[in-house]
Amino acid sequence: MRVDLDLENIVSEFYSPLYRFAFSLARSEAQAADLTQETFLILSKQHAQVRDATKIKSWLFTTLRREFLRGLRSQSAHPEVELKPEHQDQLVSDSAVSQAIDAATVLEALTQIDESYRIVLELFYLADLSYKEIAATLDIPIGTVMSRLSRGKEQLRTVLAKTAPPEKISPSPQAKHLPS
Amino acid sequence: MNSDTAKEILSAYRSKDRDGADPTFREALRQMESDADLKKWFDDQLDLDRTIRQKLAAIELPADLQAKILARIRGEKVRRSAFALPPAWLAVAACLVLGGLALFFSTRPGGSDRFQEFKSDALAMVSKQGGPDLDLETPNLTETQSFLREHKAPCYEALPSRLKLMETAGCRAFVWKDCPASLTCFRLPDGLLLHLVVIDKAAMDNADIPAGMKAMGDWHVMFQQKNGMLLMWASRAPMDQLKQVLVALRGVQGVQGELKSEELFSVRW
């Protein structure tokens with residue numbers, strides 16, 4: 001059954017978390033903006049195929065991640081070489097550089113988390129997806145989402161404890177992992 | 001349900017208003033009421049979640065992102081309904097593009113479709129075997145500029161003196177998707193060409209233009225925005241040489257006298 005989507009409302013509701021999720025993946029303001037725009041453009045072309053409006057959020061994050069991975073594969077097949085910063089225009093604006101050092105700290109910490117945990121954490125924190133939506137987005141079982149969230153959070157807590165003030169974040173004294 | 005299982009489940013809990021009604025969490029939340037350690041762990045967990053969300057929420061959004069997205073969506077609808085065959089020169093150039101180059105660029109993710117199309121089409125034009133077709137062949141830059149002005153083609157005249165001293169191979173005025181555009185070809189000291197394609201920036205539908213020089217296949221490409229125009233520099237010259245030339249383009253104006261090739265390629269700013 002075809003669903004009529006109000007694209008402008010969808011953009012308004014989801015462009016912020018999508019961009020932040022894209023930024024966490026790409027670590028580039030320009031690429032994150034491109035990915036976000038591209039995702040909505042794909043939705044505008046394919047919205048007739050969306051059968052369940054309640055799953056639009058998962059669809060958007062799934063699509064953005066797929067586009068990002070597609071870009072990575074394409075880059076490895078046709079590498080683009082960028083000049084060093086001293087020879088080119090500033091790639092990241094000053095506002096981006098100065099944007100929330102705290103956010104940069106968290107993003108940096110996320111890079112140190114195992115890949116399979118990291119993506120689940122990013123969807124949880126940046127996209128604010130429920131465990132069911134994360135399972136749908138990544139096409140993995142719900143139980144796996146929960147165990148990865150649990151382990152990922154422990155890893156993140158440990159990494160952040162090395163950089164953040166101890167009174168803010170400390171490693172759990174009972175860090176213990178369940179079998180997946 | 002033991003404490004470890006409850007913790008694993010509660011790791012996925014976001015807040016009462018979003019997950020409070022989910023039966024998956026109910027039993028774990030109930031258990032927490034009689035398990036002080038679990039309650040303490042859960043409070044710490046929510047604290048960590050809140051801290052991280054707050055920090056990540058500080059990632060600033062580009063001010064015009066929403067407007068750009070909406071513009072692209074609307075633009076896409078317009079283009080699809082008003083689709084027409086491309087100009088003849090595009091078809092000819094496309095046939096001559098070096099193996100797979102056009103395909104590669106047209107399937108690149110990110111960036112606006114229109115900008116990607118322009119990049120692909122412009123590169124197809126300049127990469128034609130034997131060099132691009134030129135309307136005017138002349139070593140004189142001033143003549144190319146006069147020609148482009150006469151033909152109402154965009155012409156970027158604020159070139160640095162160093163570039164003005166270089167010989168040109170010639171120029172061409174053309175139309176890309178109803179937008180006037182121009183091509184000027186400069187002769188580099190080693191005999192290769194440096195191409196400058198100019199078009200009104202508005203033709204790109206507010207697309208984000210990537211900064212920096214890119215190596216794409218055996219071509220090197222760089223974009224600049226100047227005076228409302230989009231400038232695309234492209235050459236097959238080695239990256240090291242081209243870097244020096246393009247860096248020099250930002251440089252000192254008004255250098256007088258003849259430019260030796262070694263000066264051109266040893267500029268430092």
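Modeller: Let's start with B:Ala237, which is buried because 21 other C-beta atoms lie within 10 Å. Buried means 20 or more other C-beta atoms within 10 Å of a residue's own; exposed means 12 or fewer, partly exposed is in between, and C-beta atoms are placed from the backbone.

Biologist: Before we go on, what kind of model is this?
Modeller: This is a predicted model, where local features need pLDDT of at least 70, side-chain atom pairs count only at pLDDT 80 or more, and totals for chains, interfaces and linings use all residues. Residues are numbered from 1 along each chain as its sequence is written, while chains are lettered from A and ligands numbered from 1 in the order in which they are written.

Biologist: Where does B:Ala237 sit?
Modeller: In the loop between S6 and helix H11 (239-249) of chain B. Helices (H or I, at least four residues) and strands (E, at least two) are DSSP runs, numbered from the N terminus.

Biologist: Which residues is B:Ala237 in contact with?
Modeller: Leaving out neighbours within four places in sequence, B:Leu188, B:Asp190, B:Leu192, B:Leu194, B:His220 and B:Leu242. Contact means C-beta atoms, placed from the backbone, within 7 Å. B:Leu192 is 45 residues away along the chain, yet the two C-alpha atoms are 6.2 Å apart.

Biologist: OK, strands. What does S3(B) pair with?
Modeller: S3(B) pairs antiparallel with strand S2 (residues 179-187) of chain B, over seven bridges. Seven bridges also join S3(B) to strand S6 (residues 229-235) of chain B, again antiparallel. Pairing here takes at least two DSSP bridges between two strands.

Biologist: Which residues stand opposite each other?
Modeller: B:Leu183 faces B:Val197 in S3(B). B:Ile199 stands opposite B:Leu230 in S6(B).

Biologist: Is S3(B) mostly covered or uncovered?
Modeller: Mostly covered. Six of the eight residues in S3(B), which spans 193-200, are buried.

Biologist: And the hairpin of S2(B) and S3(B), how many residues are between the strands?
Modeller: Five, and B:Gly191 in that hairpin has a positive phi near 95 degrees.

Biologist: Switching to chain A. How many helices and strands?
Modeller: Eight helices and one strand. The order from the N terminus is α-α-α-β-α-α-α-α-α. Of its 180 residues, 43% are buried.

Biologist: Why is H6(A) largely enclosed?
Modeller: Because nine of the 11 residues in helix H6 (residues 115-125) of chain A are buried. Among them are A:Tyr117, A:Arg118 and A:Glu122.

Biologist: What about the largest nonpolar core, which residues touch the most other members?
Modeller: Out of 62 residues, A:Ala22, A:Val120, A:Leu121, A:Leu123 and A:Ile134. Such a core is a set of buried Ala, Val, Leu, Ile, Met, Phe, Trp, Tyr and Cys residues joined through C-beta atoms within 7 Å. Helix H1 (residues 7-26) of chain A gives the most to this core, 10 residues. A second, separate core has 38 residues, including B:Leu183 and B:Leu231.

Biologist: Now confidence. Where is it lowest and highest in chain B?
Modeller: Lowest in helix H12 (residues 261-264), with a mean of 33, and highest in S3(B), at 92. That's pLDDT, the predictor's confidence in each residue, from 0 to 100. The chain B average is 75.

Biologist: Which stretch stays under 50?
Modeller: Residues 77-111 of chain B are one such stretch, with 45 contacts beyond four places in sequence in the model. Residues 251-269 of chain B are also below 50.

Note on methods. Two residues are in contact if their C-beta atoms, placed from the backbone, lie within 7 Å.
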